[in-house]
Amino acid sequence: QAFTALKVFFVDAMLWIKAAVMGLVEGLTEFLPISSTGHLILTASLLNFTGETVKVFEIAIQTGAMLAVVWEYRQRLMRTVQGLRSDPLAQRFALNVLVAFIPAVVLGLSFGKVIKAHLFAPVPVALAFIVGGLIILWVERGGVQRPARVDSVDRMSGLDALKVGLLQCLALVPGTSRSGATIIGGMLMGMSRSCATEFSFYLGIPTLMGAGVYSVWKARAALHWHDAPLFAVGLVVAFISALLCIRWLIRFVSTHDFRVFAWYRIAFGAIVLLTAYTGWVEWKD
(Lines give C-alpha, C1' and ligand atoms only; values in the text may rest on other atoms or scores of the structure.)
Protein backbone atom coordinates (compact mmCIF):
# COMPACT_ATOMS: atom_id res chain seq x y z
CA GLN A 1 0.00 0.00 0.00
CA ALA A 2 2.83 2.40 0.81
CA PHE A 3 4.40 1.70 -2.59
CA THR A 4 1.08 2.29 -4.33
CA ALA A 5 0.55 5.56 -2.46
CA LEU A 6 4.09 6.67 -3.35
CA LYS A 7 3.52 5.79 -6.99
CA VAL A 8 0.26 7.80 -7.07
CA PHE A 9 2.00 10.75 -5.42
CA PHE A 10 4.83 10.60 -7.94
CA VAL A 11 2.41 10.52 -10.88
CA ASP A 12 0.43 13.44 -9.46
CA ALA A 13 3.62 15.40 -8.81
CA MET A 14 4.77 14.87 -12.40
CA LEU A 15 1.41 16.09 -13.68
CA TRP A 16 1.65 19.21 -11.49
CA ILE A 17 5.16 19.88 -12.78
CA LYS A 18 3.94 19.57 -16.36
CA ALA A 19 1.03 21.89 -15.55
CA ALA A 20 3.46 24.42 -14.07
CA VAL A 21 5.70 24.24 -17.15
CA MET A 22 2.68 24.78 -19.39
CA GLY A 23 1.58 27.73 -17.25
CA LEU A 24 5.07 29.24 -17.48
CA VAL A 25 5.10 28.84 -21.26
CA GLU A 26 1.65 30.41 -21.53
CA GLY A 27 2.52 33.41 -19.38
CA LEU A 28 5.83 34.11 -21.12
CA THR A 29 4.50 33.78 -24.67
CA GLU A 30 0.91 35.09 -24.58
CA PHE A 31 1.80 38.75 -25.12
CA LEU A 32 4.82 38.28 -27.36
CA PRO A 33 4.38 37.92 -31.15
CA ILE A 34 5.50 34.28 -31.06
CA SER A 35 2.20 32.42 -30.49
CA SER A 36 1.36 31.07 -27.05
CA THR A 37 -0.98 28.43 -28.51
CA GLY A 38 1.75 27.18 -30.81
CA HIS A 39 4.22 26.94 -27.95
CA LEU A 40 1.68 25.15 -25.75
CA ILE A 41 0.99 22.57 -28.47
CA LEU A 42 4.70 21.93 -28.98
CA THR A 43 5.47 21.86 -25.24
CA ALA A 44 2.60 19.47 -24.55
CA SER A 45 3.90 17.21 -27.30
CA LEU A 46 7.42 17.18 -25.86
CA LEU A 47 6.10 16.50 -22.34
CA ASN A 48 3.74 13.80 -23.60
CA PHE A 49 1.02 15.86 -21.95
CA THR A 50 -1.85 15.03 -24.29
CA GLY A 51 -5.54 14.18 -24.34
CA GLU A 52 -8.88 15.98 -24.46
CA THR A 53 -8.53 17.34 -20.92
CA VAL A 54 -5.15 18.83 -21.81
CA LYS A 55 -6.63 20.60 -24.84
CA VAL A 56 -9.15 22.27 -22.53
CA PHE A 57 -6.35 22.98 -20.05
CA GLU A 58 -4.29 24.76 -22.74
CA ILE A 59 -7.16 27.16 -23.43
CA ALA A 60 -8.27 27.55 -19.81
CA ILE A 61 -4.87 28.66 -18.48
CA GLN A 62 -4.93 31.61 -20.88
CA THR A 63 -7.38 33.07 -18.38
CA GLY A 64 -4.52 33.26 -15.87
CA ALA A 65 -2.50 35.37 -18.31
CA MET A 66 -5.48 37.65 -18.90
CA LEU A 67 -5.99 38.14 -15.17
CA ALA A 68 -2.45 39.54 -15.17
CA VAL A 69 -3.63 42.21 -17.64
CA VAL A 70 -6.63 42.95 -15.46
CA TRP A 71 -4.35 43.40 -12.46
CA GLU A 72 -1.74 45.49 -14.27
CA TYR A 73 -4.36 47.82 -15.77
CA ARG A 74 -6.85 47.62 -12.93
CA GLN A 75 -7.01 51.40 -12.45
CA ARG A 76 -7.77 52.06 -16.13
CA LEU A 77 -10.34 49.27 -16.23
CA MET A 78 -11.99 50.47 -13.02
CA ARG A 79 -12.24 54.02 -14.38
CA THR A 80 -13.81 52.64 -17.54
CA VAL A 81 -16.42 50.65 -15.62
CA GLN A 82 -17.23 53.62 -13.40
CA GLY A 83 -17.51 55.96 -16.38
CA LEU A 84 -19.69 53.79 -18.62
CA ARG A 85 -22.83 55.74 -17.75
CA SER A 86 -21.50 59.26 -18.19
CA ASP A 87 -17.94 59.43 -19.60
CA PRO A 88 -17.83 59.48 -23.46
CA LEU A 89 -14.15 58.45 -23.44
CA ALA A 90 -14.86 55.38 -21.30
CA GLN A 91 -17.88 54.52 -23.43
CA ARG A 92 -15.87 54.72 -26.66
CA PHE A 93 -13.04 52.63 -25.21
CA ALA A 94 -15.44 49.90 -24.03
CA LEU A 95 -17.29 49.94 -27.35
CA ASN A 96 -14.03 49.63 -29.30
CA VAL A 97 -13.01 46.56 -27.28
CA LEU A 98 -16.46 45.04 -27.86
CA VAL A 99 -16.37 45.74 -31.59
CA ALA A 100 -12.90 44.20 -31.89
CA PHE A 101 -13.98 41.17 -29.86
CA ILE A 102 -17.03 40.22 -31.97
CA PRO A 103 -15.25 38.88 -35.12
CA ALA A 104 -13.29 36.31 -33.09
CA VAL A 105 -16.51 35.12 -31.46
CA VAL A 106 -18.31 34.67 -34.78
CA LEU A 107 -15.45 32.98 -36.63
CA GLY A 108 -14.29 31.01 -33.59
CA LEU A 109 -17.71 29.46 -33.06
CA SER A 110 -18.08 28.80 -36.80
CA PHE A 111 -14.70 27.24 -37.55
CA GLY A 112 -13.13 26.42 -34.18
CA LYS A 113 -13.91 22.71 -34.31
CA VAL A 114 -12.48 22.30 -37.83
CA ILE A 115 -9.34 24.25 -36.96
CA LYS A 116 -8.71 22.18 -33.82
CA ALA A 117 -9.20 18.95 -35.75
CA HIS A 118 -6.72 19.76 -38.53
CA LEU A 119 -4.29 22.48 -37.43
CA PHE A 120 -3.62 21.82 -33.74
CA ALA A 121 -0.51 19.77 -34.56
CA PRO A 122 3.24 20.48 -34.46
CA VAL A 123 3.95 20.67 -38.21
CA PRO A 124 1.17 23.16 -39.10
CA VAL A 125 2.23 25.21 -36.08
CA ALA A 126 5.86 25.23 -37.25
CA LEU A 127 4.82 26.40 -40.72
CA ALA A 128 2.74 29.20 -39.19
CA PHE A 129 5.75 30.18 -37.07
CA ILE A 130 7.92 30.63 -40.15
CA VAL A 131 5.32 32.49 -42.21
CA GLY A 132 4.53 34.82 -39.31
CA GLY A 133 8.23 35.50 -38.76
CA LEU A 134 8.71 36.45 -42.40
CA ILE A 135 5.75 38.83 -42.23
CA ILE A 136 7.15 40.54 -39.11
CA LEU A 137 10.53 40.96 -40.82
CA TRP A 138 8.84 42.51 -43.87
CA VAL A 139 6.92 44.97 -41.73
CA GLU A 140 9.88 45.91 -39.53
CA ARG A 141 12.17 46.39 -42.52
CA GLY A 142 9.86 49.00 -44.01
CA GLY A 143 7.35 46.87 -45.90
CA VAL A 144 4.89 49.66 -45.26
CA GLN A 145 6.18 53.19 -44.70
CA ARG A 146 3.53 55.09 -42.81
CA PRO A 147 3.71 57.50 -39.85
CA ALA A 148 1.67 56.64 -36.76
CA ARG A 149 -1.84 58.02 -37.19
CA VAL A 150 -3.12 56.81 -33.80
CA ASP A 151 -0.83 57.17 -30.78
CA SER A 152 -3.29 56.29 -28.00
CA VAL A 153 -6.07 53.77 -27.49
CA ASP A 154 -8.32 56.71 -26.62
CA ARG A 155 -7.87 58.07 -30.15
CA MET A 156 -8.93 54.86 -31.90
CA SER A 157 -12.09 54.91 -34.00
CA GLY A 158 -14.64 52.14 -34.21
CA LEU A 159 -13.27 51.24 -37.65
CA ASP A 160 -9.75 50.95 -36.23
CA ALA A 161 -11.07 48.58 -33.58
CA LEU A 162 -12.97 46.49 -36.13
CA LYS A 163 -9.86 46.10 -38.29
CA VAL A 164 -7.80 44.96 -35.31
CA GLY A 165 -10.58 42.52 -34.39
CA LEU A 166 -10.57 41.05 -37.89
CA LEU A 167 -6.80 40.70 -37.77
CA GLN A 168 -7.09 38.92 -34.43
CA CYS A 169 -9.07 36.20 -36.21
CA LEU A 170 -5.88 35.16 -38.00
CA ALA A 171 -4.76 33.81 -34.63
CA LEU A 172 -7.43 31.11 -34.83
CA VAL A 173 -4.71 29.32 -36.79
CA PRO A 174 -2.31 28.05 -34.10
CA GLY A 175 1.21 29.36 -34.49
CA THR A 176 0.06 32.67 -35.95
CA SER A 177 0.08 34.61 -32.64
CA ARG A 178 -2.83 36.71 -31.44
CA SER A 179 -0.46 39.36 -30.13
CA GLY A 180 1.53 39.36 -33.35
CA ALA A 181 -1.57 39.68 -35.53
CA THR A 182 -3.05 42.53 -33.50
CA ILE A 183 0.17 44.45 -32.79
CA ILE A 184 1.79 44.14 -36.23
CA GLY A 185 -1.60 44.54 -37.92
CA GLY A 186 -2.33 47.62 -35.84
CA MET A 187 1.01 49.12 -36.84
CA LEU A 188 0.22 48.49 -40.50
CA MET A 189 -3.02 50.43 -40.05
CA GLY A 190 -1.21 53.44 -38.63
CA MET A 191 -1.23 52.76 -34.89
CA SER A 192 1.92 53.43 -32.91
CA ARG A 193 3.77 50.42 -31.55
CA SER A 194 2.86 51.24 -27.94
CA CYS A 195 -0.80 51.91 -28.81
CA ALA A 196 -1.15 48.65 -30.77
CA THR A 197 0.52 46.72 -27.94
CA GLU A 198 -1.70 48.22 -25.25
CA PHE A 199 -4.91 47.63 -27.21
CA SER A 200 -3.80 44.04 -27.83
CA PHE A 201 -3.60 43.59 -24.05
CA TYR A 202 -7.12 44.94 -23.54
CA LEU A 203 -8.61 42.95 -26.42
CA GLY A 204 -7.16 39.74 -24.99
CA ILE A 205 -9.24 40.07 -21.82
CA PRO A 206 -12.67 39.22 -23.29
CA THR A 207 -11.22 37.10 -26.11
CA LEU A 208 -9.13 34.65 -24.09
CA MET A 209 -11.13 34.68 -20.87
CA GLY A 210 -14.26 34.04 -22.93
CA ALA A 211 -12.54 31.21 -24.80
CA GLY A 212 -11.36 29.68 -21.52
CA VAL A 213 -14.78 29.77 -19.87
CA TYR A 214 -16.49 28.47 -23.01
CA SER A 215 -14.03 25.57 -23.41
CA VAL A 216 -14.38 24.49 -19.78
CA TRP A 217 -18.17 24.71 -19.97
CA LYS A 218 -18.34 22.76 -23.23
CA ALA A 219 -16.07 20.01 -21.87
CA ARG A 220 -17.61 19.96 -18.38
CA ALA A 221 -18.87 16.39 -18.76
CA ALA A 222 -15.32 15.13 -19.35
CA LEU A 223 -13.77 17.12 -16.50
CA HIS A 224 -13.62 15.97 -12.87
CA TRP A 225 -12.94 17.67 -9.56
CA HIS A 226 -9.59 15.91 -9.32
CA ASP A 227 -8.53 17.95 -12.38
CA ALA A 228 -8.98 21.19 -10.39
CA PRO A 229 -5.47 21.24 -8.78
CA LEU A 230 -3.91 20.76 -12.22
CA PHE A 231 -5.84 23.70 -13.65
CA ALA A 232 -5.11 25.81 -10.55
CA VAL A 233 -1.34 25.26 -10.87
CA GLY A 234 -1.40 26.23 -14.54
CA LEU A 235 -3.52 29.33 -13.89
CA VAL A 236 -1.38 30.62 -11.02
CA VAL A 237 1.93 30.11 -12.83
CA ALA A 238 0.50 31.67 -16.00
CA PHE A 239 -0.66 34.70 -14.01
CA ILE A 240 2.70 35.32 -12.34
CA SER A 241 4.82 34.80 -15.46
CA ALA A 242 2.43 36.86 -17.61
CA LEU A 243 2.55 39.76 -15.16
CA LEU A 244 6.34 39.83 -15.37
CA CYS A 245 6.22 39.56 -19.16
CA ILE A 246 3.73 42.43 -19.54
CA ARG A 247 5.89 44.80 -17.50
CA TRP A 248 8.98 43.82 -19.48
CA LEU A 249 7.24 44.13 -22.87
CA ILE A 250 5.94 47.63 -22.12
CA ARG A 251 9.53 48.76 -21.57
CA PHE A 252 10.83 46.76 -24.54
CA VAL A 253 8.49 48.23 -27.18
CA SER A 254 9.47 51.77 -26.22
CA THR A 255 13.01 51.24 -27.55
CA HIS A 256 12.99 48.08 -29.74
CA ASP A 257 11.26 46.58 -32.73
CA PHE A 258 10.07 42.96 -33.10
CA ARG A 259 12.72 41.58 -35.46
CA VAL A 260 14.31 39.46 -32.73
CA PHE A 261 10.97 37.66 -32.31
CA ALA A 262 10.71 37.18 -36.08
CA TRP A 263 14.09 35.43 -36.24
CA TYR A 264 13.15 33.36 -33.21
CA ARG A 265 9.92 32.23 -34.92
CA ILE A 266 11.74 31.28 -38.12
CA ALA A 267 14.52 29.39 -36.32
CA PHE A 268 12.13 27.59 -33.96
CA GLY A 269 9.76 26.63 -36.78
CA ALA A 270 12.65 25.35 -38.89
CA ILE A 271 13.95 23.21 -36.00
CA VAL A 272 10.51 21.65 -35.47
CA LEU A 273 10.16 20.87 -39.19
CA LEU A 274 13.70 19.43 -39.33
CA THR A 275 13.23 17.21 -36.29
CA ALA A 276 9.83 16.07 -37.53
CA TYR A 277 11.19 15.22 -40.99
CA THR A 278 14.25 13.37 -39.70
CA GLY A 279 12.39 11.66 -36.87
CA TRP A 280 14.80 13.00 -34.25
CA VAL A 281 11.79 14.07 -32.19
CA GLU A 282 8.51 12.19 -32.13
CA TRP A 283 6.07 15.06 -32.18
CA LYS A 284 2.63 13.99 -31.04
CA ASP A 285 -0.66 15.62 -32.02
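The model is predicted, so local features need pLDDT of at least 70 and side-chain atom pairs count only at pLDDT 80 or more, while totals for chains, interfaces and linings use all residues. Residues are numbered from 1 along each chain as its sequence is written, and side-chain values use heavy atoms, with hydrogens and water left out. Helices here are DSSP runs (H or I, at least four residues), numbered from the N terminus.

**The largest pocket**

- The largest pocket holds about 1200 Å³ of space; that volume is the space filled by probe spheres set on the grid points, which are joined across faces, edges and corners.
- A pocket is found on a 1 Å grid over the protein atoms alone, as an open set of points where a 1.4 Å probe fits, with protein on both sides within 12 Å along at least five of seven lines; lining residues have an atom within 4 Å of a point.
- Its lining counts 48 residues, and Ile59, Lys116, Leu172, Ala211 and Ser215 are the ones nearest the centre.
- Two or more lining residues come from each of α2 (36–46), α3 (52–60), α6 (88–119), α9 (178–188) and α10.
- Helix α6 gives the largest share of the lining, 13 residues.
- Sorted by class, the lining has 23 nonpolar, 17 polar and eight charged residues (Ala, Val, Leu, Ile, Met, Phe, Trp, Tyr, Cys and Pro count as nonpolar, Asp, Glu, Lys and Arg as charged, and the others, Gly among them, as polar).

**Helix α6**

- Helix α6 has a kink of about 60° centred on Phe111, where the bend is the angle between axes fitted to the seven residues ending at a residue and the seven starting there.
- Among the buried residues of α6 are Phe93, Asn96, Pro103, Gly112 and Ile115 (buried means under 20% relative accessible area, exposed over 50%, partly exposed in between, with a 1.4 Å probe and protein chains only).
- The buried residues of α6 pack against α5 (74–83), α8 (158–168) and α10.

- Ser200 belongs to helix α10 (residues 193–218) and is buried, at a relative accessible area of 1%.
- Beyond residues up to four places away in sequence, Ser200 touches Arg178, Ser179, Thr182 and Ile183 (contact means heavy atoms within 4.5 Å).
- Thr207, also found in α10, is buried with a relative accessible area of 12%.
- Leaving aside neighbours within four places in sequence, Thr207 is in contact with Phe101, Ala104 and Gln168.
- The side chains of Thr207 and Gln168 make a polar contact at 3.2 Å (a pair of N or O atoms within 3.5 Å; within protein, one must be able to donate a hydrogen and the other to accept it, and residues adjacent in sequence count only if both atoms are side-chain atoms).

- Lys18 sits in helix α1 (residues 2–29) and counts as buried, because its relative accessibility is 18%.
- Lys18 touches Leu47, Asn48 and Phe49, not counting residues up to four places away in sequence.
- Asn48 lies in the loop between α2 and α3, has a positive phi near 55° and is partly exposed at 44% relative accessibility.
- Ser35, in the loop between α1 and α2, has a positive phi near 75° and is buried, with a relative accessible area of 2%.
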